[in-house]
Amino acid sequence: PLHFLLAYFDPTPSFRAVDSLTFAYLMLGSVGIILYFRDRGWHAAGALVAALAFAFGGSASARLQHTGQIISLSYFPLTLWMLSRALERSSWRAGAIAGLFGGLVAVGRDQVALIFLYVLIGFVIAHWAGGGDWRERTRASVKPLAAGCLTGTLVAAVPLIMTALLAARSNRSEITWMATARGSLHPADLLTFV
């Protein structure tokens, strides 16, 4: 969405404008981390340190040239923040907003987006399993999760269908999933986490 805004206001953006946009995405993700901390009642200094680490360390430090992956990375904290609100408050509105952000994560169509979608699924399962009566927690989450799934599907459907149609006509689709997984998700890559 920020790229569309930039193109609307500046049809011939400079490299500096595009780089600034990448940092704006990182700032969005950092704000999501701060809001997540605030909802939990955690210390503001911890939120600031976590936001700085998010924006300038970890995956962002090695991926600045991969704008699509930065965008997937940046929407994740916002998705997690709204998903936790949706589950805790049984709010279909928060679920729909989480779906909007989750759809924007999925539109990234890269391994970063895939890993984050797995993390979000794990977060929901952990919510169901944690705490008191798991049946009640699961029942209370149906409306928020349904709203999120519907919104996320509406956001991601067209770009994902267009990608599948392009892949059908591209020689790039000959690269198998296993070859990609070996190159992208190799255990040695976890050293960047450290």
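## A buried arginine and its partner

In this predicted model, arginine 85 has a relative accessible area of 18%, so it counts as buried, the cut-off being under 20%. Its salt-bridge partner is aspartate 39, with 2.7 Å between the closest N and O atoms. Because arginine 85 belongs to helix α5 (residues 67–89) and aspartate 39 to helix α2 (residues 15–40), the pair ties together parts that are 46 residues apart in sequence.

Aspartate 39 itself is partly exposed, at 24% relative accessible area. A network of salt bridges links Arg38, Asp39 and Arg85.

The whole structure holds four salt bridges. In one of them, arginine 40 meets glutamate 88, with the closest N and O atoms 2.3 Å apart. This pair also joins helix α2 to helix α5, across 48 residues. Both partners are partly exposed: arginine 40 has a relative accessible area of 23%, and glutamate 88 has 47%.

Helix α8 (residues 134–140) contains both arginine 139 and glutamate 136, three residues apart, or about one turn of the helix. Their side chains form a salt bridge at 2.8 Å, N to O. Arginine 139 is exposed at 53%, while glutamate 136 is partly exposed at 41%.

## A nonpolar patch on the surface

Phe23, Leu48, Leu52 and Phe56 make up a nonpolar surface patch, and together they have about 420 Å² of accessible area. Helix α3 (residues 44–56) supplies the largest share, three residues. Leucine 52 lies in this helix and is partly exposed, with a relative accessible area of 46%.

Methods
Residues are numbered from 1 along each chain as its sequence is written. This is a predicted model: local features need pLDDT of at least 70, side-chain atom pairs count only at pLDDT 80 or more; totals for chains, interfaces and linings use all residues. Side-chain values use heavy atoms; hydrogens and water are left out. Patches are made of residues with over 30% relative accessible area and no salt bridge: like charges are joined within 9 Å, nonpolar side chains (Val, Leu, Ile, Met, Phe, Trp, Tyr) within 5 Å. Accessible areas come from the Shrake-Rupley method with a 1.4 Å probe; for residues, only the protein chains shown count as cover. Helices (H or I, at least four residues) and strands (E, at least two) are DSSP runs, numbered from the N terminus. Buried means under 20% relative accessible area, exposed over 50%, partly exposed in between (1.4 Å probe, protein chains only).
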